[in-house]
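Trainee: I have not looked at this structure before. Could you show me how to read its features one at a time?

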2 protein chains.
Amino acid sequence: MARLVDGKPGVLNVGLAQFAEAVVAAGGAALQIDWAPPAAGDRAAAMALARLVGAPRVEEANRTAFAAFLAASPVLRGVCTVRELPGLDRRVLLHAGPPIEWVRMCGPMQGAIVGAILYEGWARDAEAARALAASGAIRFAPAHHHAAVGPMAGIISPSMPLWVIEDKVSGRRAYSNFNEGLGKALRFGAYGSDVLERLKWIGIVLAPAVGAALDALGGVELKPLMAQALTMGDEVHNRNAAASALLLRRLAGALARTTSSSQGLAEVLDFVAGNEHFFLNVSMAACKAMLDAAHGVPGSSLVTAMARNGVEFGIRVSGLGERWFTAPAASVDGLYFAGYSAADAARDLGDSAITETAGLGGFAMAAAPAIVKFVGGTPEDAIDNSLRMRQITLGESNVFQLPALDFRGTACGIDARRVVDTGIEPVINTGIAHREPGIGQIGAGLTRAPLACFAQAVLALDELGRA
Amino acid sequence: MARLVDGKPGVLNVGLAQFAEAVVAAGGAALQIDWAPPAAGDRAAAMALARLVGAPRVEEANRTAFAAFLAASPVLRGVCTVRELPGLDRRVLLHAGPPIEWVRMCGPMQGAIVGAILYEGWARDAEAARALAASGAIRFAPAHHHAAVGPMAGIISPSMPLWVIEDKVSGRRAYSNFNEGLGKALRFGAYGSDVLERLKWIGIVLAPAVGAALDALGGVELKPLMAQALTMGDEVHNRNAAASALLLRRLAGALARTTSSSQGLAEVLDFVAGNEHFFLNVSMAACKAMLDAAHGVPGSSLVTAMARNGVEFGIRVSGLGERWFTAPAASVDGLYFAGYSAADAARDLGDSAITETAGLGGFAMAAAPAIVKFVGGTPEDAIDNSLRMRQITLGESNVFQLPALDFRGTACGIDARRVVDTGIEPVINTGIAHREPGIGQIGAGLTRAPLACFAQAVLALDELGRA
């Protein structure tokens with residue numbers, strides 16, 4: 001005790017930094033430790049966590065779920081329409097994120113619904129479409145409830161074409177709509193005649209042509225293509241330049257053999273060549289297929305979906321069935337296109353965070369240093385994000401490698417327990433939509449999955465385990 | 001003096017490391033400085049260097065030459081044949097590297113010449129072709145002497161199609177042949193019927209189709225495409241996966257519009273899609289066009305070509321006209337395909353080091369971490385190579401950026417003086433050919449441009465300056 005009073009103190013400080021500052025001001029040495037209590041101080045979640053961390057039942061379930069995730073092998077099999085999906089009635093519209101009613105939807109989602117109604121011919125004009133949407137005559141359902149995913153608003157209507165992705169291991173399928181390209185697009189809530197014309201062209205020309213080419217090819221294996229794209233500067237969420245070019249490369253010859261109209265062929269090749277995000281929707285459905293393979297393992301804390309409807313952020317967990325655990329959707333910290341600012345931005349939106357759920361996107365930013373020109377930060381930040389995500393995942397991908405990290409696999413298999421324990425929220429690369437419908441993308445940036453979703457999931461998992 | 005004897009010495013040691021080791025063994029502190037005398041101890045070259053370093057005449061000439069290099073803007077303009085090149089007689093064969101006679105040529109180059117003679121129909125069989133080549137009835141000339149470049153053996157015969165690259169600034173053109181793909185290929189000295197059949201198909205189907213598409217497009221700007229490829233993991237010498245996919249993306253729609261035969265179109269698309277090195281030859285001619293823009297500035301020590309004929313490595317320097325400065329070609333340190341070893345390897349071969357001369361290839365390895373799986377080393381080595389090359393160049397590219405180095409430009413504009421002064425030899429990524437003709441590529445790796453070429457150039461520049 002005498003030594004403590006006589007000598008100069010050397011202090012490790014946890015918590016409020018002011019204590020350390022006082023020591024330093026008095027001539028002592030103090031090191032501030034970056035630490036936060038588990039579950040950000042939420043006592044109930046922390047108690048649940050204490051029971052779940054290291055619990056053999058959870059560990060075993062996670063091993064099973066993670067192995068199933070790693071083993072899944074998505075193949076781009078072909079093209080279908082929503083009508084061919086099981087369990088869907090005639091007047092249903094699928095949307096991104098967890099369930100939400102018309103009145104609570106954000107601007108871009110309402111706009112996209114108006115566009116989808118016009119596209120289907122269910123209403124004469126936007127006003128009538130809006131009235132129909134509000135009338136209750138149309139059922140809205142999360143795309144995730146029907147094995148599908150869609151970027152941004154994610155609106156999918158019955159006659160829209162869908163990519164069919166099949167997991168070779170389970171035979172289970174996942175679906176996504178076609179990417180329309182940048183600028184004014186349905187997924188950002190635009191519903192002008194140009195948007196509807198392009199959607200019709202996608203349905204009549206593009207999708208059948210690509211479908212025939214895929215039939216001729218017998219499908220395209222997606223894991224090798226995505227792994228190659230990671231060595232070519234993509235993280236296959238916000239940067240799909242390489243993956244889109246690689247998919248075009250795979251399809252081009254087959255398209256030439258199977259497309260009868262040379263005008264149609266030229267249009268299709270031009271469209272695919274002109275859209276660096278063409279692969280995004282395929283990437284999303286591939287990730288959905290991998291994660292669905294890991295879903296439904298009792299006791300598992302593996303996160304199998306993260307999705308946003310523009311109002312709420314929701315997650316699903318392997319051992320917790322069809323439940324969503326939600327929190328308010330965050331804003332996105334990013335770079336804005338000229339003329340726009342954070343005041344114009346919609347909140348975090350879309351099913352595309354399924355890529356991060358599978359260890360890609362923000363988790364694989366180290367593969368895509370050039371993305372920082374688009375989402376902000378430095379190439380070093382990109383690497384730091386990939387490294388930090390290792391603290392909340394069950395392992396590393398055996399297929400998706402990060403060249404800049406000496407070919408280590410991407411961190412994947414988000415463990416809800418570890419998110420709560422460390423307070424590290426999953427990082428997400430994302431586009432930013434204008435909050436008004438129809439204006440489109442106004443920027444891109446980084447956001448985080450809210451800790452509260454994971455804390456709820458941990459509580460539910462603990463409750464279920466003790467039931 | 002007393003302090004030196006009494007105290008413990010702190011020593012910086014230059015030269016033999018043993019002196020430093022003795023100090024350390026005696027309890028002192030010694031730091032070994034990594035230093036070598038300029039010109040590796042060559043007194044004449046060092047004296048010349050002393051006169052050239054900082055000489056206003058040379059500095060001014062280099063500013064002019066480097067500015068011209070940076071300003072050049074190569075466009076992929078179309079397709080022609082060798083016959084359309086000025087100054088070429090009927091029975092000439094172009095080859096890679098500095099001048100060389102038939103008897104001294106390496107195996108792959110002799111094999112490629114046999115193939116070219118058979119392709120042209122100048123001889124009935126390989127034996128007759130060999131006799132014709134040895135007879136003196138055919139003139140051999142470096143491709144570089146006719147504004148052209150070719151990878152590996154680089155053999156170009158009169159009826160072969162060529163890429164036409166035009167510098168928009170000067171209107172000057174550069175040329176390269178078409179890439180045949182991997183495996184057995186003329187550039188590795190293979191001349192079997194499969195090789196000749198493919199060459200014919202390239203001449204009859206591929207080149208006219210691509211030429212028509214380029215006519216329809218009005219050309220393709222190459223600097224933006226190559227810059228984009230650098231953000232997609234290429235260094236556009238040994239890795240052209242992205243650039244080839246990007247070129248296909250640019251050409252696909254136009255090909256569909258201009259190719260009348262749908263069978264031909266499908267073949268062309270399949271061929272381009274199946275060859276990740278398709279862009280290599282375009283990259284080489286683009287670099288040639290940029291460097292030719294900097295050539296011929298009196299007094300300039302800027303290196304405007306590095307090329308190898310498999311026996312000698314040669315360089316040309318802006319202020320030294322058409323002269324070559326040569327040294328024996330080095331072996332390549334690399335990774336071999338299964339079943340091959342260094343004992344099977346030809347020495348460093350081909351005009352493709354024009355990419356390094358322009359600050360790409362080995363100089364831009366930091367853009368292509370995944371290339372180390374092909375040429376050896378680690379992603380860190382790749383970054384180190386890009387950093388080290390800054391010590392021997394006049395500046396950085398204003399277009400070609402390295403994302404991993406925080407978007408700094410690639411080191412470019414090799415200054416012969418700095419190479420001699422530092423002893424740092426330009427690093428080159430390259431393929432490795434089997435030393436026997438016809439076997440093909442057996443590996444890839446790294447090599448260096450021999451210091452002796454640069455020392456000779458420095459002597460010549462000094463002599464010319466004093467004349």
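Mentor: Start with what pairing means: two strands pair if DSSP finds at least two bridges between them. Keep in mind that this is a predicted model. In chain A, strand β17 (residues 427–433) is joined to β18(A) by seven bridges, and the two run antiparallel. Within that pair, Asn429(A) stands opposite Leu446(A) in β18(A).

Trainee: Which other strand is joined to β18(A), and by how many bridges?

Mentor: Strand β13 (residues 333–336) of chain A is joined to β18(A) by four bridges, and these two also run antiparallel. Here Tyr336(A) is the residue opposite Gly443(A) in β18(A).

Trainee: Is strand β18 of chain A buried or exposed?

Mentor: A residue counts as buried if 20 or more other C-beta atoms lie within 10 Å of its own. Strand β18 (residues 441–448) of chain A has seven of its eight residues buried, so it is largely enclosed by the rest of the structure.

Trainee: How do I read a whole sheet?

Mentor: Strands of a sheet pair through backbone hydrogen bonds, either parallel or antiparallel. In chain A, an open sheet of five strands has the order β6-β8-β7-β3-β9, and its pairing is mixed. Its edge strands, β6 (148–149) and β9 (220–221) of chain A, each pair on one side only. Inside this order, β3 (residues 74–81) and β7 (residues 161–167) of chain A pair in the antiparallel sense over seven bridges. As an example of a bridge, Val79(A) has Trp163(A) in β7(A) as its partner.

Trainee: Which helix packs on that sheet?

Mentor: Helix α7 (residues 193–217) of chain A does, touching β3, β7 and β9 of chain A. The direction of α7(A) makes about 140° with that of β3(A).

Trainee: What is the order of the strands in the open sheet of chain B?

Mentor: The order in chain B is β6-β8-β7-β3-β9, with five strands and mixed pairing. Strand β3 (residues 74–81) of chain B is joined to β9(B) by two bridges, and they run antiparallel. In that pair, Leu76(B) stands opposite Val220(B). Helix α7 (residues 193–217) of chain B lies across β3, β7 (161–167) and β9 of chain B, at about 140° to β3(B).

Trainee: How is the packing of two helices described?

Mentor: Two packed helices are described by the angle between their axes and the distance between the axes. For α7(A) and helix α9 (residues 241–258) of chain A, the axes come within 8 Å and cross at roughly 105°. The two helices are therefore roughly perpendicular to each other.

Trainee: Which residues of α7(A) and α9(A) meet?

Mentor: From α7(A) they include Ala209(A), Val210(A) and Ala212(A), and from α9(A) they include Leu251(A), Ala254(A) and Arg257(A). The residues of this contact divide into nine nonpolar, one polar and one charged. Ala212(A), in helix α7 of chain A, counts as partly exposed because 18 C-beta neighbours lie inside 10 Å. The C-alpha atoms of Ala212(A) and Leu49(A) are separated by 51 Å, and the two residues are 163 apart along the chain.

Trainee: What should I look for in the backbone angles?

Mentor: Most residues other than glycine have a negative phi, and most peptide bonds are trans. Ala40(A) has a positive phi of about 50° although it is not a glycine. Ala40(A) sits in the loop between β2 (29–33) and α3 (43–52) of chain A, and is partly exposed, with 13 other C-beta atoms within 10 Å. In chain B, Val236(B) has a positive phi near 50°. Val236(B) lies in the loop between α8 (222–230) and α9 of chain B, and counts as buried, with 30 C-beta neighbours inside 10 Å.

Trainee: How many residues does each chain give to the contact between chains A and B?

Mentor: The contact takes 26 residues from chain A and 26 residues from chain B. On the side of chain B that touches chain A, α9 (241–258) and α10 (262–273) of chain B each supply at least two residues. The most comes from α9(B), with ten residues. By class, that side of chain B has 17 nonpolar, five polar and four charged residues.

Definitions and conventions
Residues are numbered from 1 along each chain as its sequence is written. Chains are lettered from A and ligands numbered from 1 in the order in which they are written. This is a predicted model: local features need pLDDT of at least 70, side-chain atom pairs count only at pLDDT 80 or more; totals for chains, interfaces and linings use all residues. Two residues are in contact if their C-beta atoms, placed from the backbone, lie within 7 Å. Ala, Val, Leu, Ile, Met, Phe, Trp, Tyr, Cys and Pro count as nonpolar, Asp, Glu, Lys and Arg as charged, and the others, Gly among them, as polar. Axes are lines fitted to C-alpha atoms, for helices over the stretch in contact, and angles run from 0 to 180 degrees between N-to-C directions. A residue is buried if 20 or more other C-beta atoms lie within 10 Å of its own, exposed if 12 or fewer, and partly exposed in between; C-beta atoms are placed from the backbone. Angles under 35 degrees count as roughly parallel, over 145 as roughly antiparallel, 65 to 115 as roughly perpendicular and the rest as oblique.
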